[in-house]
Amino acid sequence: MAPDCRGVLLSAFDYKTEKYVIAKNKKVGVLYRLIQLTLLGYIIGWVFVMKKGYQESDESIQSSVITKVKGVLLTNTSGTGPRLWGPEDYVIPQQGEAVLFITTNFLETPNQRLGYCAESFKVLDGRCRENGDCPEGEAVVAGNGVKTGRCLKKDRNSTGTCEIYGWCPIERSHRPDVPLLGRTESFTIYIKNFIRFPKFHFSKSNVLETATDTYLKTCLYDEVAHPYCPIFGLRDIVRRAGYDFQDMAFILLILMERSTSPCDCLFRYARYFKNAAGETHRTLLKVYGIRFDILVHGKAGKFNIIPTIINLGSGLALMGAGSFFCDMVLLYMMKKSTLYRERKFEKDNKYVLQTHIQNHESHLLAPLFVTLTVMSLLL
Amino acid sequence: MAPDCRGVLLSAFDYKTEKYVIAKNKKVGVLYRLIQLTLLGYIIGWVFVMKKGYQESDESIQSSVITKVKGVLLTNTSGTGPRLWGPEDYVIPQQGEAVLFITTNFLETPNQRLGYCAESFKVLDGRCRENGDCPEGEAVVAGNGVKTGRCLKKDRNSTGTCEIYGWCPIERSHRPDVPLLGRTESFTIYIKNFIRFPKFHFSKSNVLETATDTYLKTCLYDEVAHPYCPIFGLRDIVRRAGYDFQDMAFILLILMERSTSPCDCLFRYARYFKNAAGETHRTLLKVYGIRFDILVHGKAGKFNIIPTIINLGSGLALMGAGSFFCDMVLLYMMKKSTLYRERKFEKDNKYVLQTHIQNHESHLLAPLFVTLTVMSLLL
Amino acid sequence: MAPDCRGVLLSAFDYKTEKYVIAKNKKVGVLYRLIQLTLLGYIIGWVFVMKKGYQESDESIQSSVITKVKGVLLTNTSGTGPRLWGPEDYVIPQQGEAVLFITTNFLETPNQRLGYCAESFKVLDGRCRENGDCPEGEAVVAGNGVKTGRCLKKDRNSTGTCEIYGWCPIERSHRPDVPLLGRTESFTIYIKNFIRFPKFHFSKSNVLETATDTYLKTCLYDEVAHPYCPIFGLRDIVRRAGYDFQDMAFILLILMERSTSPCDCLFRYARYFKNAAGETHRTLLKVYGIRFDILVHGKAGKFNIIPTIINLGSGLALMGAGSFFCDMVLLYMMKKSTLYRERKFEKDNKYVLQTHIQNHESHLLAPLFVTLTVMSLLL
């Protein structure tokens, strides 16, 4: 046993190498070299050089965005008189989040009090022809108040609207046509973005550490002159709606929704007041505007052995498929194929009669493999 | 040198093919074909057809959500009198973000003024037995104001509460029991979602471009009748809490937190007023409600050669493991295995004595490989 | 045809195995075993055990965060008199979102009315030397109002500021120096986080289901004593700025921006009032504070056959590269390499004269492959 064991151990370090048969067939030889070159070109050129297949990537970016809008504007409408709009009024919410709404137009309904008035004719559910259409206590669908049971009509045959209990007078239904934004040349938005790639414990900000306060107070983003200034002209952003600001390996996508659609970029809010007698009244503001949604996308890559091995290994494995494909060509599509088959497949002498049968054997899987190999070459 | 070089170049295009030994052993042959079929079935059926292994996928979705709630409601509580709730009051924040809170109940504390009153008995840190328990100037932990140094008690031996300086009267501690939502049949929420897959520069919205304003004003989401209507009945959403609205390849998960837990779905806000003398008073509102958190998830796939090659190549590589496994069976587990070994491994004549030793050699790695192969078959 | 077909079918189940040549060369044998061991160690040890290569992972986490701050504070500044700050005042927004701003200092400008006053000297665009520097109707860039056309100066030669129409008096420009946060020992923040991994339909919350209301009312996060308490001391969080709270397989990163930079962590908001005569006035609040941005990151893994096969297959494929590399060493770098070449490559007798040429052939691709193999060994 002892010498046997030693022998086994020693023979484990003999090197065994596959035996090859040389087929002096230039056609298949060239084909095989072409397949090898294609695969090598793919692995090195495409996977490693172009697609950086040796990197693992992290796209689960963590991002924090702070925004700050600057600029004032005076409006003077007949209904509401002079009104000065600062960022504390036209930016909603005021605390500088990644999603912000900038008011560009408004409709004010001042001095609303709880009371009785007619529903707007534009609200479908508020229309009526008789009192029975306005069941008492039922809220008007998508309307302004609760029905009182009375139908207010101009004359007997017309269609009127239900009387409601709600904040009266109700909002006028026409939309004002003087957008504020027509005069916002001087509005600027400061966007500070901090990103972090948790997989790599790497973080970065779009505001350079070298940027001084003075620079940040006076600069204005410009692709050529000030590519690292985080202050953008509002008009400039609006002009490039949907533009990607690519900045130091990550991307700020400023996504905007404008008030072109009647139901998207407007909303209402109310300011409540109390008069000397303690009664509540309110000013309802319907504001139209632009919604900025600052979406951040980024991808970080870093060398990692696992994707490297995967890309290398699977590419090399396909070389085996290439040699299988060339074998098929050699053994079944060449003139001297019978000769090649006899040399490639070594038979025991006693089975020599079965040569003929064996020659056909590879046909069974060959079509499938040829399909696979051709498929992988065509892709 | 010149003829030699030409020879090398020419011979580079000779095709060399591996020499095979035919073992007319049907058991191992069937086993090998089974392994091949299993792997081919796995690669084609599972990886490519079922799991779309030829695609690269993008899950780092960028999403922007706009919401808009419609509906009014009248409440008439003994404390506060009639009160009309519109979306500008019960939706917080009003500007239509992806995270929104819909008030379903409230507790109003009107006319609070800065002054002196007793802390609530429910606040643990506000209880006292003597003045020394209420150090002057110290804030009550999780309380309503700052201790003044006095302990207010009914009689000598009872436990009282500290006097505080704060907004008085303090909020009553009981919770109102008439939820608004009991009558919200007509409340609807419009959810507009815009998604973008940055890797593929592909974007989409859940509001179809063919949807007209009229349709968007009158439709109501229904799985069967109106699957593309972005307006959902609030009651319907509440009923399906946590339901995934799968809509055109991306998913809106409407996540809700209800006010079942005492500390999650309520918060307070205050409205400030000034009286004629310029003194500030406020109305404190403690609101209970449902928090909707619209989370968007999506995955886009697109043909890419790299995952295709990886899946193909690694599958083919396992075929090599299959043939190794069959070799082990043939060379060590069959009756005629010595014969097969002699034919497979070609020896030089001078080393013929070592045949016996060599035969054992493969044992060294065989168990490991058999384990690996069997493992990969079992998975 | 019939017997032929049967023969083909039968021979398909013959097992064909590669013929090997034994090279009794211990150097190459040991090298090959080393390569095999390295690759096996890499696949099993690194890929499967360390990196869990048998798992597919989901990093596209969906997260919902609710926050709630508790604590009150009294400030008493000469300008504004006593003021009590509750969470409804100092937390913005009040509804408990993932991004929240906690006021730590403020500058109040009460009783502003629309009118005429001088622009602040700190605003660059508001400075003037003559009336012509203040074109009427033009907004002051980053200023407080609209120029009226007059330049207000102390004396003839000094630099003055434009008169503006805006909310007067304008905000004083100095920053108060008594931060509120100096006395926030008792402030706590409750962070409830709900996560979901859409790929695995798995969800979890950081608030344990076993946590009782009493526990949640009294506990305070401590790494050792209360690792599962979701209530954090504000001062503690500030101290660990940027700390990752790793809690049950997912991570809360509480990211903070402090008001160290003059333009990041402050903003303004206004409270509007109406006097008895219906005239509007407002209180402008400039608040300084800490912004908390609760970013959630997590990764879930689950066994999946596809990454398992990929890692296994591509590793095994590299074994083929290893044997190619050893062949190169054996056939070109050993003393008896000519002998080995003759045994490895079987030639037809008629081509025997070309032996010499063929021997050089492999040189053409060898350097490339050696490079690749060495590269993969070095990585």
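User: In S2(C), which residue is the bridge partner of A:Thr17?

Analyst: In this predicted model, A:Thr17 has C:Val21 as its bridge partner in S2(C).

User: What makes S1(A) and strand S2 of chain C a pair?

Analyst: Two strands need at least two bridges between them to pair. S1(A) and strand S2 (residues 20–23) of chain C are joined by four bridges and run antiparallel. Four bridges meet that cut-off, so the two strands count as a pair.

User: In what order do the strands of the open sheet of three strands come?

Analyst: The order is S1(A)-S2(C)-S20(B), and the pairing is mixed. Strand S1 (15–18) of chain A and strand S20 (345–346) of chain B are the edge strands, since each pairs on one side only.

User: What holds strands of a sheet together?

Analyst: Pairing runs through backbone hydrogen bonds, in either a parallel or an antiparallel sense.

User: Why do strand S20 of chain A and strand S2 of chain B count as a pair?

Analyst: Strand S20 (residues 345–346) of chain A and strand S2 (residues 20–23) of chain B share two bridges, in the parallel sense. The cut-off is at least two, so the pair qualifies. One of the residues concerned is A:Glu346, whose bridge partner in S2(B) is B:Val21.

User: How many bridges join strand S2 of chain A to strand S20 of chain C?

Analyst: Two bridges join strand S2 (residues 20–23) of chain A to strand S20 (residues 345–346) of chain C, and the strands run parallel. A:Val21 has C:Glu346 as its bridge partner in S20(C).

User: What makes A:Arg282 and B:Glu88 a salt bridge?

Analyst: The rule asks for a side-chain nitrogen of Lys or Arg within 4 Å of a carboxyl oxygen of Asp or Glu. The N to O distance between the side chains of A:Arg282 and B:Glu88 is 2.9 Å. That value lies within 4 Å, so the pair is called a salt bridge. Chain A and chain B have four salt bridges between them. There are also 15 residue pairs in polar contact, both residues at pLDDT 80 or more.

User: Which helix gives the most to the side of chain A that touches chain B?

Analyst: Helix H6 (residues 305–333) of chain A does, with 10 residues. By class, that side of chain A has 50 nonpolar, 15 polar and 25 charged residues.

User: How many residues take part in the contact of chain A and chain B, and what area do they bury?

Analyst: Chain A supplies 90 residues and chain B 73 residues. The two chains bury about 7700 Å² between them, with 63% of it on carbon and sulfur atoms.

User: Why is the link of C:Lys26 and A:Asp14 called a salt bridge?

Analyst: The closest N and O atoms of C:Lys26 and A:Asp14 are 2.7 Å apart. The limit is 4 Å, so the term applies. Across the interface of chain A and chain C the rule finds four salt bridges. The count of residue pairs in polar contact there is 16. H6(A) gives the largest share of the side of chain A that touches chain C, 11 residues. The residues of that side divide into 31 nonpolar, 20 polar and 22 charged.

User: How many residues of chain A are in contact with chain C?

Analyst: 73 residues of chain A are in contact with 90 residues of chain C. The area buried between these chains is about 7700 Å², of which carbon and sulfur atoms give 63%.

User: Why is B:Glu163 called buried?

Analyst: The term needs a relative accessible area under 20%. B:Glu163 has 11%, so it is buried. B:Glu163 is found in strand S11 (residues 160–168) of chain B.

User: What makes B:Glu163 and B:Thr148 a polar contact?

Analyst: Their side chains come to 2.7 Å. The distance limit for the N or O atoms is 3.5 Å, so this pair falls within it. Not counting residues up to four places away in sequence, B:Glu163 touches several others, including B:Tyr116, B:Arg150 and B:Leu152.

User: Why is strand S18 of chain B described as largely enclosed?

Analyst: In strand S18 (residues 280–298) of chain B, 18 of the 19 residues are buried, so the rest of the structure largely encloses this strand. Strand S8 (residues 99–118) of chain B pairs with S18(B) in the antiparallel sense over 11 bridges. B:Ile102 stands opposite B:Ile290 in S18(B). Strand S17 (residues 266–274) of chain B also pairs with S18(B), antiparallel, over nine bridges.

How values were computed
Residues numbered from 1 in each chain as written. Chains lettered and ligands numbered in written order. Predicted model: local features only at pLDDT ≥ 70, side-chain atom pairs only at ≥ 80, totals over all residues. Heavy atoms only, no water. Buried < 20%, exposed > 50% of the residue type's maximum accessible area, 1.4 Å probe, protein only. Polar contact = N/O pair within 3.5 Å; in protein donor to acceptor, adjacent residues only side chain to side chain. Contact = heavy atoms within 4.5 Å. Buried area = accessible area lost by both parts, 1.4 Å probe. Nonpolar A, V, L, I, M, F, W, Y, C, P; charged D, E, K, R; others polar.
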